[in-house]
Each structure stands twice: as C-alpha cells, then as structure tokens.
Amino acid sequence: MRSEGTVPIPVPTPGLDAAEARGLAEAWLDEPLAPAARRLLLGAVEAFAARGYHATTTRDIAARAGLSSAGVYVHFASKEELLYQISLIGHRGTVQVVRAAVDGIEEPGAKLLALVAAITAWHARHHTTARVINYEMSALTELHRAAIATLRREIDALVRETLADGVAHGVFDVPDVPGTTLALLSLTIDVARWFRAASIRAPEELGAFYGDLALRMVGHRA
C-alpha cells in the first residue's frame, strides 16, 4: 500500500463509513488501472456489498463512479466482468499477503499462526471487498469461477500442508486435516461478514487472536 498521505478519501456512500471508504480506495491504489476504471471497481464493490450482485444494475455502479451507464462498457464488458476483476484482484491480494506472512517460516506452529493471522487480518481490513469476493462467487461465469478457484486452492493448500506437516512432526493433533482446513478457512473468511471499522479489535489484533485460537484448535504442542 502507499503512504496514507497519498490516499484520496472518497466521499462515503450510504452503508459505508469514512474508514471503509478509505479502505476501499487503498485496496486498489497499486493496481495499474485508469482512474475511471478504478472508480467503477470501487463503485461496484460498494454496490455489490450494499445490494448484492443480482440487485445491482450497471446504472447503480456508474452513478457511484460519477459516470454515465454507457461509461461502464468503455472499461468493462459487463457487470459480471466487474465482479470478476474485483474477485481476481482481491484473491491475488490475499495470496500475496499470505505468501509474505509465511516466507522463511518452517516450524508448523509458527507457520499456522502466521497463516491464520494474515488471512484474518486481510478479511477484516478489506471486509467490504471480502464480502463481495467470497459471497458473490456463484454469479461468475464458469470460466471466471474456475480462475478464482485456482487462487483459493493455493491458500487452501498452504493451510492443508501446514496442518499435515504439524501432524507429521507430532506437534498437531488433527485427525481430519481436510476438515480442519475447511473449518479454519471458514472461520477466517466469516470475519468479513461481521467486521466493521468500529470493531473493538483492530485487524492485526483480531488476526493474532484467531491465530492463537487456531493453535488451540489443532492441539499445538511446542
């Protein structure tokens, strides 16, 4: 992310407070997008989160971006293409954060803690975007859904392999590695459903709490 001083603060829209609006702006700053395309993506995230994909029209999205309805199609082929690009950039961002969090960590307990903390904090920090990319996947075309599933499998594999490694080294008590992987990922993803900027815990604090909880769930023995 770029420094806070360079982040333009968009005008909050109904259902989004100033902190959420800033978080959305920060999430897209490093993407090589034309300004109008970025505004459309931000508007689509806000609209999809507030109304759901199917209830949102391209006119809704264009209005939030300060463009005409026809302006949407200058940058994106369809409403579904907007959802796909949001999902693609969001999932790529998650993968990058998770990879960076575990880089150089070998011990299974420390690695699981870092994984769960990173995934949780990302879903808290970008909770509006995360709600869209996790709960609107069924609206994607089969081809686009397959592309997103590939990125999700990478995160799944990291957690699954860490659990299996911990079992192999005798530091985790996990009879069902696939089931535990699903449970841990479901726990972290669900943060996006209820987290708000005014939450008592900051994203990093929540990540640390969930990471510790994950170690307790797998019966970690140091």
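Okay, ground rules. What we have is a predicted model, where local features need pLDDT of at least 70, side-chain atom pairs count only at pLDDT 80 or more, and totals for chains, interfaces and linings use all residues. Residues are numbered from 1 along each chain as its sequence is written, and side-chain values use heavy atoms, with hydrogens and water left out.

Let's start with helix α8, residues 142-168. Helices here are DSSP runs of H or I with at least four residues, strands are runs of E with at least two, and both are numbered from the N terminus. How far apart are the end C-alpha atoms of α8? They are 37 Å apart, and that agrees with the 39 Å that 27 residues should span at 1.5 Å a residue. The expected span, by the way, is 1.5 Å times one less than the number of residues.

Now, which residues of α8 are buried? Buried means under 20% relative accessible area, exposed means over 50%, and partly exposed is in between, using a 1.4 Å probe and protein chains only. The buried ones include His 144, Ile 148, Leu 151, Ile 155 and Leu 163. The buried residues of this helix pack against α5 (79-102), α6 (108-125) and α9 (177-189). Just after α8 comes Gly 170, with a positive phi of about 75 degrees.

Arg 160 pairs with Asp 156, and their closest N and O atoms are 3.2 Å apart. Both sit in α8, four residues apart, which is about one turn of the helix. As a reminder, an α-helix has 3.6 residues a turn, so residues three or four places apart point the same way. Arg 160 is partly exposed at 33% relative accessibility, and Asp 156 is partly exposed at 22%.

Over to helix α3, residues 58-65. Its buried residues are Thr 58, Asp 60, Ile 61, Ala 62 and Ala 65, and they pack against α2 (35-51), α4 (69-75) and α5. Take Thr 58: its relative accessibility is 17%, so it counts as buried. Leaving aside neighbours within four places in sequence, Thr 58 is in contact (heavy atoms within 4.5 Å) with Val 72, Tyr 73 and Lys 79. After α3 you'll find Gly 66, whose phi is positive, near 75 degrees.

Which residue does Arg 64 meet in a salt bridge? Its partner is Glu 46, at 3.6 Å, N to O. Arg 64 is in α3 and Glu 46 is in α2, so this pair ties together parts that are 18 residues apart in sequence. Arg 64 is partly exposed at 30%, whereas Glu 46 is buried at 8%.

One more pair: Asp 212 and Arg 216, at 2.9 Å between the closest N and O atoms. They both lie in helix α11 (residues 203-217). Asp 212 is partly exposed at 35%, while Arg 216 is exposed at 62%. The whole structure has seven salt bridges.

Last stop, the core. A nonpolar core is a set of buried Ala, Val, Leu, Ile, Met, Phe, Trp, Tyr and Cys residues joined through side-chain atoms within 4.5 Å. The largest one has 55 residues, and Phe 48, Leu 82, Ile 86, Leu 112, Leu 163 and Phe 172 touch the most other members. Its largest share, nine residues, comes from α5.

Definitions and conventions:
A salt bridge is a side-chain nitrogen of Lys or Arg within 4 Å of a carboxyl oxygen of Asp or Glu.
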